[in-house]
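Colleague: I would like to learn how to read a model like this one, feature by feature. Could you take me through some examples slowly?

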Amino acid sequence: MRLRTTSAMAGVSALVLLTGCGAADMTKQASPFANAEGARTVTLSVQSWVGAQANVAVAEYLLERELGYRVDTVQIDEVPAWDALSQGRVDAILEDWGHPDQEQRYVEDKKTIAPGGDLGVTGHIGWFVPTYFAEKHPDITDWKNLNKYADRFRTAESGGKGQLLDGSPAYLTNDKALVKNLKLDFKVVFAGSEAAQITQIQQFAKEKKPFLSYWYTPQWLSEKVPMTEVKLPEYEEGCDADPAKVVCAYPHTPLQKYLNADFAKDGGDAADFLKRFRWTTEDQNEVSLMIAEQRMAPQEAAKKWVDGNESTWKAWLS
């Protein structure tokens, strides 16, 4: 998740079927194009949130149409994706929200994974309430006042406590530890996937009910359901080093790309292209919105974006 990130919706057609949150560990499964004689192939890891799917859709479209590669995508969760990348079962991860343990193991120690550069998007995970509720109760934006409103956030799933709605347990989350360590009268309830979480948020918003949710930016839904962040204790470097003891907010994370080290060295035009792939939050949200809200097929959304943004993607080819 992440940040997750996110990177998925109820309306995401084919890719969601391939990339639901909580997907099985695919590290034992390689691309069907792998080792095909004479083939120019690339295998991309795709996570379950729509922002990550937007990255892959555009990269896949351009790799195939402009560079003549065959592209395979493999569904995989965040941490197993690093294992698969190290093993060469996938060639690239296009949106990572920060996994320092894996980075140390594979980039620094084993040197089987190489940094692929910034994606150009900064991700942030946090706790959010609907803006319509924050406007009526402005003190809700300070975590110290959450217990005051806990009863307003109760659901059947949270019992006698307030509900803190999370997406998939596979996402990067410190929420259970934060609730415990900050002594909050809340219970973390997992929707199971980004799609299910979005459906619940949309239903709450339709009925103008209060909700408290783990959420992240950039994410297309924020344009449809305005949300206001609840300020957690300020993030400081290392404050989340021990997940069990964390008592601070999530950081703002420049999202990164990673390549298999051999692919980074010998992957030719495809590797060079993926290293140069860099776009804005607005670009990603534009494609995400087409996939999720407008229910366009990912490749159709990618084509529409590519047709309207030649000046951006041309720079990735040279």
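Modeller: Let us begin with L274, which, once its neighbours within four places in sequence are left aside, is in contact with V42, L44, A59, L63, A92, L94, G116, K257, L259 and F263, where contact means heavy atoms within 4.5 Å. Please keep in mind that this is a predicted model, in which local features need pLDDT of at least 70 and side-chain atom pairs count only at pLDDT 80 or more, while totals for chains, interfaces and linings use all residues. Residues are numbered from 1 along each chain as its sequence is written, and side-chain values use heavy atoms, with hydrogens and water left out.

Colleague: Where is L274 found, and is it buried or exposed?

Modeller: Helices (H or I, at least four residues) and strands (E, at least two) are DSSP runs, numbered from the N terminus, and L274 belongs to helix α10, residues 268-276. The words for accessibility have cut-offs: buried is under 20% relative accessible area, exposed is over 50%, and partly exposed lies in between, with a 1.4 Å probe and protein chains only. L274 has a relative accessible area of 1%, which means that it counts as buried. The C-alpha atoms of L274 and W316 are separated by 7.6 Å, although the two residues are 42 apart along the chain.

Colleague: How should I read a strand, and which strands pair with β3?

Modeller: Two strands pair if DSSP finds at least two bridges between them. Strand β3, residues 92-96, is mostly covered, since five of its five residues are buried. With strand β1 (residues 41-46) it pairs in the parallel sense over two bridges, and I93 in β3 is the bridge partner of S45. With strand β9 (residues 252-260), β3 runs antiparallel and is joined by three bridges; A92 has L259 as its bridge partner in β9, and D96 stands opposite Q256.

Colleague: How many bridges link β9 with β4?

Modeller: Strand β4, residues 113-130, pairs with β9 over eight bridges in the antiparallel sense, and one of the partners to look for is T253 in β9, which bridges to G123.

Colleague: What describes two packed helices?

Modeller: They are described by the angle between their axes and the distance between the axes. Axes are lines fitted to C-alpha atoms, for helices over the stretch in contact, and angles run from 0 to 180 degrees between N-to-C directions. Angles under 35 degrees count as roughly parallel, over 145 as roughly antiparallel, 65 to 115 as roughly perpendicular, and the rest as oblique. Take helix α2 (residues 50-65) and helix α12 (residues 298-308): they pack at about 75 degrees with their axes 8 Å apart, and α2 is therefore roughly perpendicular to α12. The residues of this contact divide into eight nonpolar, one polar and four charged, where Ala, Val, Leu, Ile, Met, Phe, Trp, Tyr, Cys and Pro count as nonpolar, Asp, Glu, Lys and Arg as charged, and the others, Gly among them, as polar.

Colleague: At what angle do α2 and α11 pack, and which residues meet there?

Modeller: The angle is about 100 degrees, with the axes of α2 and α11 9 Å apart, and the two helices are therefore roughly perpendicular to each other. V50, G51, A54, N55 and V58 in α2 meet Q284, V287, S288, I291 and A292 in α11. By class, this contact of α2 with α11 has six nonpolar, four polar and no charged residues.

Colleague: What is the place of S288, and which residues does it touch?

Modeller: S288 sits in helix α11, residues 281-292, and it counts as buried because its relative accessibility is 1%. Not counting residues up to four places away in sequence, S288 touches V50, G51, A54, W220 and E293.

Colleague: Why are α11 and α12 called oblique to each other?

Modeller: Their axes come within 9 Å and cross at roughly 140 degrees, and α11 and α12 are therefore oblique to each other. In that contact, D283, E286, V287, M290 and I291 in α11 meet P298, A301, K304 and W305 in α12, and the residues divide into six nonpolar, no polar and three charged.
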